[in-house]
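Q: Could you walk me through a protein model, one feature at a time?

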Amino acid sequence: MWQQAIAVALALLCQLARAQVVTVEGNAYKGLVVSISKDLQEALCDEYIEGIKNMLTSGSSLLYAATEGRLSFGEVTIVVPEGWTCQGAAGTSDVAWDRANLRVGPLHSVFGQNPWTQQPRGCGEPGDFMYFPESFLLENSTLGSRGSVFVHEWAKYRWGVFEEYGHRADPIFPSATRSYDGNETLRHTYCTDGEVAGNFFECEGDNLATCYFVPNAEETTGVTSSLLATPFLSSVVNFCNSETHVADVPTKHNLLCEKRSTWEVIQSHPDITGTSSAPSTSPTFTVKQLKAQTTGNKLVFLLDVTPPMGIGSDTWNYLRDSVKEFILVEATDGMQVGLVSFTNTATKVSDLVTLDTPSNRESLAGKVPNLPTEDTQTKNVAAGITKAKEVLGGEGIVILVTENMKSHSEDLVAAAGGTPVWSVLYPHLIGVSYESYQSLADANGASVFPIENNVVDFGGAASIQSVDNRVALSRCLLDIQYQTQGDSLQEIVSSSCAGKECQISLEVPTNTNYQQTFHIEVYFTRYDNSNLKITVRDPAGAAINESFRQDTGMIYTGSALQVGGTYTVDVSKEANFMDVKSSLLATLQTESGGYDIKLWSSLDLQHLEYTSNSAPTLFAMVGDGDSHVVDASVTATVTDSAQTTAVLVMRDDGTGADVTGNDGVYSAYLIGLSQTGSASVQVAANDNGGSAKLVTATRRAAPVDLNGQSCCGSQITFQTDLPSAGTFTLTSENAGEVTGTIPPNFPPGRVTDLRSSLTLSQVILTFTAPGDDLDQGTAEAYLVTYSVGGSGQGTVEQDVTPVEAGVLVNTTFPAPDCGHLTFLVRAVDAQGIHSADSNGAKVTVPCAPTTSIPSTTSSSSTGNPSSPSSSTARPTPSFFSSEETPTASSSPPTTTQSGGEGDGCSCVSTDTLVTAVIGSVVGSILALFLVELLVYVLVKLFQRRRWKKRQRQRELGRSTRGVENMAMDYADSGGNHESRFGKRRRRFNDGTPTNGQGEVASTASTPLPYLGQSTTSINHAGRPVLPSHNNQRLLPQGYSSPQDQYGNPRTDSHNSRGNVQYSQYHEQPQTQQYNQYKYRPQNQNRRGYTPDEYM
């Protein structure tokens, strides 16, 4: 039964075109093809060619030196687009742009002029192709020498090494990291044999999520390696080797290549092992023009014209009109179609005709046989297939239409020889076997469409083939086209009506997008065609003109399909043999205009090869030309010759078989088959519930360009929002061949996206779960280990429940130690086999305070894109509490090692650490209390001391005021006043003149300052609180001098006066002696006090 609305579209499975094979002959590469995209400017063709030649010539010299005189480039072919006029172009090439080793294409809006290499495979395995934007060849590049950058990309493409630098904001492969030495200095992640000058930016504290390093090529000297790290440095001419390799930085190469240097990986490649040093050669270039390419697919109709094809009225008429209708309207523009008929021999009716003009379509349609032959009852299908293959010229498909009214047996598989033959069995008698046709289809990835013989007997009139078969024939041809071509017409809605006067309604569904051009086809028997009147109207009631009319059908074409609208077909006829059928045909459309699925493998689909420790990898891309889709849902279903089926989730998240997330390449290991031999591979893709996004051009990059993202890191990130990929559902099928020996078990997959964070004393690890067998299934357990300061190894006894591969895992546990911890995760399967180590995830856990506290510094810079940040990391008290103990197991995590040398912190056990923290807290509280008490006592003692001082001064003053002073009276009467006041007066009252014996120089006429009882109080800080304005006491000059923080006059403002001073004062008049102290009311004509005016 034909569906009224198409929910599933069957799309062409396009195998990714493999690049040209490059070989090594006489120490030189031969067969390298460079292709220029037709999307570039023809006027710049000569400049493109010159740029390519210069890049490869300089790159060849550098490659020769870097490989120790073993390799250089020899024969190179440059292919320019068809029709371009370019200097030096001679001859043609059939190597299309998408099959070239190096492809030159347009500039990308996000990645700018950065070249890139598509590398979906692992370490030591080749890439798919190299891509260089035109601007890289034409403009001054910030990436460095073009030859150096080319060697950088060639090493990735040819030898399967990866970049030896980090990426800004990449959590797995960062641009900057911190060295866990005694100084904890920031460091870049380049693999070099010398220091690269530059600056760090946005590096705050221990959070390095935004930290990145910008090199300064002008200030960098003496660096000679590595070409996979710093090709932008003119001094770099080597790959990192075992002596210069930096294995402890988190780079993609270190993770995927097990920390081997690039030169160690390259040395194991046959290019190196099969050669020795030889004289250098210069590349030679040949420029060719792309051979004219045929557009669309090739198709040959192979029509059975034996008498059984004419059983019953309209049986042949339906077939003839369906083929004509396909040629006139339904075949996609540019398709090449040929015609072959057969009985017991085969006849070529027409060579391939390109359906690109109406005249070509009409000419070919006119060659379709009008009636079957009556000469012979026998048929030779194999002969017909052989003739159809000749017309095809070696590629394309054959649509075989033949009756199956009786059993027929031939070796059709041998005749096809790999050419897909789609069989339409019309008419087919129920119960008759069609095994030979099914075998033919199975051998070449095609299908069989049996259409039941359905003849209706009208009594006295001739028997008539049902009009349903007319519809079925047209639908079969459309479906074959869609499965082999993809973007073509399909039935959107259909209906019928009965009677001499009736109307058919065709409502266009609203949940799908379609292209604007559409066709309404009306089907009927030849007997109802007499005086038949058909009127087709759009939803607004406007009539749509007839395009073609045949004996059993009519076609109406419109140019603006109204989604949600209802089209009507009014029928008026004299006879009424059968119902009238009608269908609306349109082309499904996504926002990109239609997608297909590209599928390839680690070798190719005909060599899905297993080894004792590896499985083949399937790769798929969903896209439309140069565009591709990310965030889609893609699965592969593979069935082997034993009918064992493996359903694989293909991921584009940088985990499992996927090397780089968000690059549009969906990957999966082929796990789950039981037998080698032929296999069918079906790939299904959809828009993932509307989450799929369309990348309108290729997004990658290479070494260092501040204006674009570098290739490729753990994930490709997009700086701007991507457009929706629209709604789509695709399924595609292809045949493959499983080879090698399938091992009984594979190791668990490796974790490649481990991340860590610290919340108080809890370590949080997150990662994507690997599989029990590589990236499929569920592992038995996860083993979490750690090291401190880069040395030793401990195990975290934390139970984590394994989950299915591809699911995000989060686990939290108390920090097993303090210091700079590096965590690793390994998956374990039921047989106890461990996966390879994950990437390292670092976290710093503060230790208990120590006497010696190390400090750290980070670099700073000026004159760069943004103001650099500097940070100083200092150990802080541990924030563990006695309650924070492991709960996942019966025993707490054990530490099997201690902090490494140069770790910069004293590491202790958890119990000791908790005790130390409690002691520190209690001790701090007691210390604060004692400090407060000590301050209080000192303040009180100081206040009392000042009070006593002033008391003595007042007593001394009273003893020197003539007869009113009791001490003076006592002295006049011969009493010994010195015994009571002499020494103390000299000690405390520097302002009072004395003689050499310490006695007061003048007892009657020399006035002394009067100091009453102090009204000054002392605040909590020990500073004096100034008196109010109402206090009018007088201060001597000696107390207007500067004072210390507690209000005391400094000692250098006082001068002890000896005998000389006494004589001077004694001989001066009383008024002069008085004025020397400059008595004045304090604060007179002043707005306030100052500390220097008050004691």
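Q: Which backbone oxygen lies 3.4 Å from a polar atom of the side chain of glutamine 550?
A: The backbone oxygen of aspartate 321. That's a polar contact (N or O atoms within 3.5 Å, one able to donate a hydrogen and the other to accept it; residues adjacent in sequence count only if both atoms are side-chain atoms). Keep in mind that the model is predicted, with local features needing pLDDT of at least 70 and side-chain atom pairs 80 or more, while totals for chains, interfaces and linings use all residues. Residues count from 1 along each chain as its sequence is written, and side-chain values use heavy atoms, leaving out hydrogens and water.

Q: Where is glutamine 550 placed, and is it buried or exposed?
A: Glutamine 550 sits in the loop between β29 (546–549) and β30 (553–558). Strands (E, at least two residues) and helices (H or I, at least four) are DSSP runs, numbered from the N terminus. Glutamine 550 has a relative accessible area of 11%, so it is buried (under 20%; exposed is over 50%, partly exposed in between, with a 1.4 Å probe and protein chains only).

Q: What is glutamine 550 in contact with, leaving aside neighbours within four places in sequence?
A: Contact means heavy atoms within 4.5 Å. Glutamine 550 has Asp321, Lys324, Glu325, Arg470, Phe524 and Asn529 as partners, leaving aside those neighbours.

Q: How do I read a sheet?
A: Strands of a sheet pair through backbone hydrogen bonds, either parallel or antiparallel. Here five strands form an open sheet, ordered β25-β32-β27-β30-β29, with antiparallel pairing (DSSP must find at least two bridges between two strands). β25 (489–497) and β29 are the edge strands, each pairing on one side only. From one strand to the next, the twist averages 20°.

Q: How many bridges link β27 and β32?
A: Seven, between residues 514–523 of β27 and 580–588 of β32. Take glutamate 521: its bridge partner in β32 is serine 583.

Q: And what about two packed helices?
A: We describe them by the angle between their axes and the distance between the axes. The axes of α1 and α3 (146–159) come within 8 Å and cross at roughly 70°. Axes are lines fitted to C-alpha atoms, for helices over the stretch in contact, with angles from 0 to 180 degrees between N-to-C directions. So α1 and α3 are roughly perpendicular (65 to 115 degrees; under 35 is roughly parallel, over 145 roughly antiparallel, the rest oblique).
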